[in-house]
Structure formats: structure tokens, C-alpha cells
Amino acid sequence: MAAITPSEDIEGVFVVRPEVIGDDRGTFIETYRRSWFGGQREMIQANRGDRRAGTVVGLHYHLHQSDYWYVPFGQVRVVLHDLREGSPTDGATLEYDLGTCADGSHCHDGIYIPPGVAHGFAALTDCTLSYLVDAYYNPADELGVRWDDPQIGADWILSDPILSQRDSNNPLRCDLPANRRPHYRLRAT
């Protein structure tokens, strides 16, 4: 059985530590199960991103969409930041490493990210990020905040990352327009 642990840093974020079953043939891991997140919308789309070492993706956020991330290959530093006005953890930043560990083992944890929590990752090696979302792509709900915003204070490990044009031009947190600021919603039970 997977261990589902609520983040102590950001309300509504969950870390999933799946059971790893192994034998002489290799391993089997159940990386996602709908029942792990009761009361949340169903994940309806799966996506995959392959990134080169030295890349930073984010920080992105959605007003209406949740994500579930898993790294099957490579090593990433995940950065999450609570942008939700009224959240008990508004302004909190969390860094979490996924994928290949320094000792060569693999961290198979997954991370559930609710709407309003900015998310991004640094590719510390060439990597693959597999993620599920609970809404189809909507360009009006694809928002961002600067990856290097001093108010967020993220430790990306990388000092001069490869960035997309979009991520390079995201506004600072203090400059987010009022109509694009997320608000805290109590988690469904």
C-alpha cells in the first residue's frame, strides 16, 4: 500500500510513497490510484515532459487545475509555492527532490499539487516528468510567476538554468493581477 502524507509546509499538497515490489526480474510500482485522493476531481489527462539537465520549468500555476507528478527517469528538484490568498500556508515554499538519489537508488514518490500552488522543477540530470491533470488544457488557466522571485526564495540548486521565453517573462508574485490571483478553497471531504 502507498503511504499518503500531507505536506507540513503547504496545505493541500500530498506526497505519495508507493510500495515498491521487486524480485530478480526488476520492480513493479503502482504510481497512481484514484482512491488516494478522495473528494478531489478525477485525473483525466496524462502528460510527459522530457527535459535536458540544467533546465528549469516554472513556476506555473492554475486557478482550476490539480496536478499529480511522478519522475520515472532522472533527478529533479521540485519547487512548490502557495499563492492562495486566505490559505493557512500562503507564501510557503517547499523544495522536494524526486527521481534518482545520490546513492543510485530511485525515489518513486509522487506529489499531488492543488490549484493555486505554483509548481516547477529543475532538471538536475536529463529527466522525464510524468504528470496527470484533472482538467483539459485551457490556455486561460496556464499562469506563471517568476522562477527566481526573491519573495518566493526557492533553492533550485541551479544558478544559470535553461528557461523558456514564457518562464523568463513571468511576473513577480507582487505583480500578479488581482483577477489572476488564486484563492484558498477548503479541500473536499
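This is a predicted model: local features need pLDDT of at least 70, side-chain atom pairs count only at pLDDT 80 or more; totals for chains, interfaces and linings use all residues.

Student: How much space lies in the largest pocket?
Tutor: The lining of this pocket has 22 residues, and His-60, His-62, Asp-67, Tyr-131 and Glu-142 lie nearest its centre. The space in the pocket comes to about 380 Å³.

Student: Which element gives the largest share of the lining of the largest pocket?
Tutor: Two or more lining residues of the largest pocket come from each of strands S5 (45–51), S6 (56–61), S7 (67–73), S12 (117–123) and S13 (127–133). The largest share is 5 residues, and the element that gives it is S5.

Student: Is Arg-84 buried or exposed?
Tutor: Arg-84 sits in the loop between strand S8 (75–82) and strand S9 (93–100). Beyond its neighbours within four places in sequence, Arg-84 is in contact with residues including Ile-10, Pro-114, Val-117 and Tyr-184. Its relative accessible area is 3%, and the cut-off is under 20%, so Arg-84 counts as buried.

Student: Which backbone oxygen does the side chain of Arg-84 reach?
Tutor: The side chain of Arg-84 has a polar contact of 2.8 Å with the side chain of Asp-82. The Arg-84 side chain also reaches a backbone oxygen at 2.5 Å, that of Glu-11.

Definitions and conventions
Residues are numbered from 1 along each chain as its sequence is written. Side-chain values use heavy atoms; hydrogens and water are left out. On a 1 Å grid over the protein atoms alone, a cavity is a set of points where a 1.4 Å probe fits but cannot get out, and a pocket is an open set with protein on both sides within 12 Å along at least five of seven lines; lining residues have an atom within 4 Å of a point. Grid points are joined across faces, edges and corners, and a volume is the space filled by probe spheres set on the points. Helices (H or I, at least four residues) and strands (E, at least two) are DSSP runs, numbered from the N terminus. Buried means under 20% relative accessible area, exposed over 50%, partly exposed in between (1.4 Å probe, protein chains only). A polar contact is a pair of N or O atoms within 3.5 Å; within protein, one must be able to donate a hydrogen and the other to accept it, and residues adjacent in sequence count only if both atoms are side-chain atoms. Contact means heavy atoms within 4.5 Å.
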